[in-house]
Amino acid sequence: MKIAITTQGKELTSNVDPRFGRAKYFIVYDTETKQSSCHDNSQNLNAAQGAGIQSARKVVELACDVLITGNVGPKAFSALKAGEIEVRIGASGTVQEAIDKYGRNELDLATEPNVAGHWS
């Protein structure tokens, strides 16, 4: 299974970015191989609009099964659901801590967006 985690840096020791659409990077972690890769999302950092939808498209293109983030808005949530991505919210701390919390089922499963559109 592949997990995408929003992050402010390029390492598993980097902090989780609480924003989904405007996260600087996504780290993709493969639970089977225990390998991770970093993917730049800076094109959406200052997007006037559509950052959440574009970021959701990227997560789908990366063939992820799960997204771990702090918060997700309505348009991004809809796009992630359309891509059949499980969304876990409320993540904080480092990327590795978020992965560990997911493994212990300690992150909330999002059934709807938890912030309004254009949240920052």
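Here, a residue counts as exposed when its relative accessible area is over 50%, and as buried when that area is under 20%. With that in hand, welcome to a quick tour of this predicted model. The stops are two helices, α1 (residues 51-61) and α2 (74-82), and a pair of aromatic rings, Phe 20 and Phe 26.

**Helix α1**
- Ala 51, Gly 52, Ser 55, Ala 56 and Val 59 are the buried residues of α1.
- These residues sit on the same side of α1, because they cover an arc of only 130° around its axis.
- An α-helix has 3.6 residues a turn, so residues three or four places apart point the same way.
- Among the elements covering the buried residues of α1 are the strands β1 (2-7) and β2 (25-30), together with helix α2.
- Just after α1 comes Ala 63, with a positive phi of about 60°.

**Helix α2**
- Buried residues in α2 are Ala 76, Phe 77 and Leu 80.
- They line one face of α2, because they fall within an arc of 100° when seen down the helix axis.
- Lys 75 and Ala 82 are exposed, and they lie on the face of α2 turned away from its buried side.
- The packing partners of the buried α2 residues are α1, β4 (66-68) and β5 (86-89).

**Aromatic pair**
- The model has one aromatic pair, formed by Phe 20 and Phe 26.
- Phe 20 is buried because its relative accessible area is 3%, and Phe 26 is buried at 0%.

How values were computed:
Residues numbered from 1 in each chain as written. Predicted model: local features only at pLDDT ≥ 70, side-chain atom pairs only at ≥ 80, totals over all residues. Heavy atoms only, no water. Phe/Tyr/Trp six-rings, centres within 6.5 Å; stacked < 30°, edge-to-face > 60°. Buried < 20%, exposed > 50% of the residue type's maximum accessible area, 1.4 Å probe, protein only. Helix = DSSP H or I, 4+ residues; strand = E, 2+ residues; numbered from the N terminus. Arc of directions from axis to C-beta. Contact = heavy atoms within 4.5 Å.
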